[in-house]
Amino acid sequence: MDSLKKRPLFNPKGDVDVQRRKIIGGNTTNLNDFNNMKYGWVSDWYRQAMNNFWIPEEINLGVDIKDYKNLPLPERRAYDKILSFLIFLDSIQTANLPNISEYITANEVNLCLSIQAFQEAVHSQSYSYMLDTICEPQERNAVLYQWKEDEHLLKRNEFIGNLYNEFQEEKSTRMLVNTIVANYILEGIYFYSGFMFFYNLGRNRLMPGSVQEIRYINRDENTHLWLFRNILLELKKEEPELFREEDVNRYRRMIKEGCEQEIKWGHYAIGDNVQGLSKDMITDYIQYLGNLRCSNLGFAPIYEEHISEPDSMKWVSQYSNANQIKTDFFEARSTAYAKSSALVDDL
Ligand SMILES: [Fe+2]
Ligand SMILES: [Fe+2]
């Protein structure tokens, strides 16, 4: 087992020269200097993440309270199960990110991880707000803890949960990279059958407040995916021994397992009973995402089909990429950090 050293906190003898900075195994002073970053993408990332600031309670859920009561049973069941799953994911993310940070020796990357952890906490808060507003108190608790009682849900949470736990138990570089890949899977695949379900509600003109909450969450998750992708790409350059053929195949197998779990879950939670969605659509879309996540890391695809976005799912990006206009980070600031009604138009 290769050992991994926790970064020191107070370290006056740490490297000042940015060229010596490394994602892992460096000698960091932990000093946050925004004008001297080794990883140039951090400036863009940081600005985008700050521009994404939003407040869950500023979205009105009045229509959702009425809609929820009238949702057809399959939609209501899916809504509860998917919400329960998302609650679990964001909670475990909030708890796990500081564990990763302890071993990252590029302080600018740790800044990003701190902001991400803050955003995951806001996501958890948004789910509480949705539950408290939309559901009766007894329904609320049933949704909140379904992830412990529903065997399908528990089983799939175990995959990511166990990977995170393994890193708790074995502090090795291999386990750290596994955890980073697990994060990449969580941010890039695990949320997506849930997002797809909410956007389908939006297409059906139902639960507009919930859909809006999810769009804001999705916008944040896109930046988290961007962060973990970049961490992995930097590691690939700096630590090629962690990306030998057998390692890459292990990461690809993990991504494939994540996709298979997501597909099974989508079939169980959504199935063929929700108007506008089907098992085939779920399978096609998640396989496409799996291939995309692999190619974004320079890995070979994991599925032969679905190299490009399936035609049947093009509508998803109308919701999830509504914010693409904000590629100019400076331009975005004045509109993104706005209040109430402007936030709604903003997406
Ligand atoms: Fe999140
Ligand atoms: Fe996230």
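This is a predicted model: local features need pLDDT of at least 70, side-chain atom pairs count only at pLDDT 80 or more; totals for chains, interfaces and linings use all residues.
Local features need pLDDT of at least 70 and side-chain atom pairs count only at pLDDT 80 or more, whereas totals for chains, interfaces and linings use all residues. Residues are numbered from 1 along each chain as its sequence is written, chains are lettered from A and ligands numbered from 1 in the order in which they are written, and side-chain values use heavy atoms, with hydrogens and water left out.

**Helices H3 and H4**

- Helix H3 (residues 73-101) and helix H4 (residues 107-134) have axes that come within 9 Å and cross at roughly 155 degrees; helices here are DSSP runs (H or I, at least four residues), numbered from the N terminus, and axes are lines fitted to C-alpha atoms over the stretch in contact, with angles from 0 to 180 degrees between N-to-C directions.
- H3 and H4 are therefore roughly antiparallel to each other, a term used for angles over 145 degrees.
- Residues that make the contact (heavy atoms within 4.5 Å) include Tyr79, Leu83 and Asp90 of H3 and Asn110, Glu120 and Tyr127 of H4.
- By class, the contact of H3 with H4 has 13 nonpolar, 8 polar and 2 charged residues, where Ala, Val, Leu, Ile, Met, Phe, Trp, Tyr, Cys and Pro count as nonpolar, Asp, Glu, Lys and Arg as charged, and the others, Gly among them, as polar.

**The iron site**

- Glutamate 120 bridges the iron ion (ligand 2) and the iron ion (ligand 1), which lie 3.5 Å apart.
- Because glutamate 120 lies in helix H4 and histidine 224 in helix H10 (residues 208-238), the pair ties together parts that are 104 residues apart in sequence.
- Both glutamate 120 and histidine 224 are buried, meaning under 20% relative accessible area with a 1.4 Å probe and protein chains only.

**Two further buried residues**

- Lysine 81, found in helix H3, counts as buried at 9% relative accessibility.
- Not counting residues up to four places away in sequence, lysine 81 touches Gln146, Asp150, Leu153, Trp265, Tyr268 and Ala269.
- Glutamine 261, placed in helix H11 (residues 245-269), counts as buried at 14% relative accessibility.

Definitions and conventions:
Helices (H or I, at least four residues) and strands (E, at least two) are DSSP runs, numbered from the N terminus. Angles under 35 degrees count as roughly parallel, over 145 as roughly antiparallel, 65 to 115 as roughly perpendicular and the rest as oblique. Donors are N, O and S atoms within 2.8 Å of the metal (3.2 Å for Na, K and Ca); water is not among the atoms, so sites may look incomplete. Buried means under 20% relative accessible area, exposed over 50%, partly exposed in between (1.4 Å probe, protein chains only).
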